[in-house]
Amino acid sequence: MTAQTPAATQLTNDEFNDLIDRINAHHQETLAAISAGQPKPAPFVLPEGFDGGSNDDYTDLPQDSIDAFATSRENNAAPVNGQAGHIYSISEDCKNGKISKDAFADQLDKQGKDNVRAFSDDQDATAEKLKASGHAHPEKQNRIVQAFKDYGDWLVSKFWVAVDDLYIKLSDDIQQWWNQVIECFGRAVDSLRTWWHGLFG
């Protein structure tokens with residue numbers, strides 16, 4: 001007789017809410033640290049014994065959870081798409097000496113802070129939607145927690161880090177990087193949408 005794997009421990013709504021809030025706070029703290037050039041906090045570790053299932057396919061999530069992640073995906077892609085032309089323009093102005101490197105750096109710093117605020121607002125809204133989904137589908141709470149952690153980890157470490165890295169490159173060597181702004185931003189947005197569809201359908 002084959003031994004069966006025990007079912008994952010069911011979270012209470014309070015435990016579920018707490019995990020969603022802690023993951024949200026961790027992702028926001030991580031992006032703020034990266035944007036400010038400070039050391040990242042230690043990785044967030046889920047509680048011992050927690051089982052969120054496979055992290056390479058989230059098509060089994062409730063539709064309202066998938067919809068929340070889809071909205072978040074577009075909320076993160078939109079500011080990058082929207083700022084590409086502006087960053088290209090001020091990069092060209094800096095390259096051509098129309099604005100000083102200090103003024104250029106100040107504008108990049110302001111945009112970086114705006115990006116962190118936009119990310120924080122989106123993650124707060126996403127967390128609330130996921131809590132509602134988890135309360136409506138308690139049997140999926142572990143999966144929702146795992147998905148939120150993995151989604152935020154990727155969004156910070158792959159998507160927003162790529163944008164921040166471009167800002168650093170522009171500050172260090174405007175002559176080499178100014179004409180690659182549109183391409184780099186477009187590549188970041190494409191990677192977000194491709195990765196998202198690979199996990200959420």
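**Conventions.** I number residues from 1 along each chain as its sequence is written, and I use heavy atoms for side-chain values, with hydrogens and water left out. As the model is predicted, local features need pLDDT of at least 70 and side-chain atom pairs count only at pLDDT 80 or more, while totals for chains, interfaces and linings use all residues.

**Entry 1, helices 1 and 3.** I took helices as DSSP runs (H or I, at least four residues), numbered from the N terminus. I looked up helix 1 (residues 13–35) against helix 3 (residues 101–136): their axes come within 10 Å and cross at roughly 170°. The axes are lines fitted to C-alpha atoms over the stretch in contact, and the angles run from 0 to 180 degrees between N-to-C directions. The two helices are therefore roughly antiparallel, a term for angles over 145 degrees. Helix 1 passes helix 3 in a right-handed crossing, in which the near helix is turned clockwise from the far one by less than a right angle.

I then listed the contact residues, with contact meaning heavy atoms within 4.5 Å.

A nonpolar core is a set of buried Ala, Val, Leu, Ile, Met, Phe, Trp, Tyr and Cys residues joined through side-chain atoms within 4.5 Å. Buried means under 20% relative accessible area, exposed over 50%, and partly exposed in between (1.4 Å probe, protein chains only). I found 55 residues in the largest core, and Phe159 is among those with the most contacts inside it. Helix 4 (141–172) is one of the elements that give two or more residues, and helix 4 gives the most, with 14 residues. Beyond its neighbours within four places in sequence, Phe159 is in contact with Asn76, Ala77, Val80, Trp154, Ala188, Val189 and Leu192.

Leu166, in helix 4, is buried at a relative accessible area of 3%. Setting aside neighbours within four places, I list Trp177, Val181, Cys184 and Phe185 as its contacts. Leu166 and Cys184 are 18 residues apart in sequence and 7.5 Å apart, C-alpha to C-alpha. Ala103, in helix 3, is partly exposed at 28% relative accessibility.

Conventions
Parallel < 35°, antiparallel > 145°, perpendicular 65-115°, else oblique.
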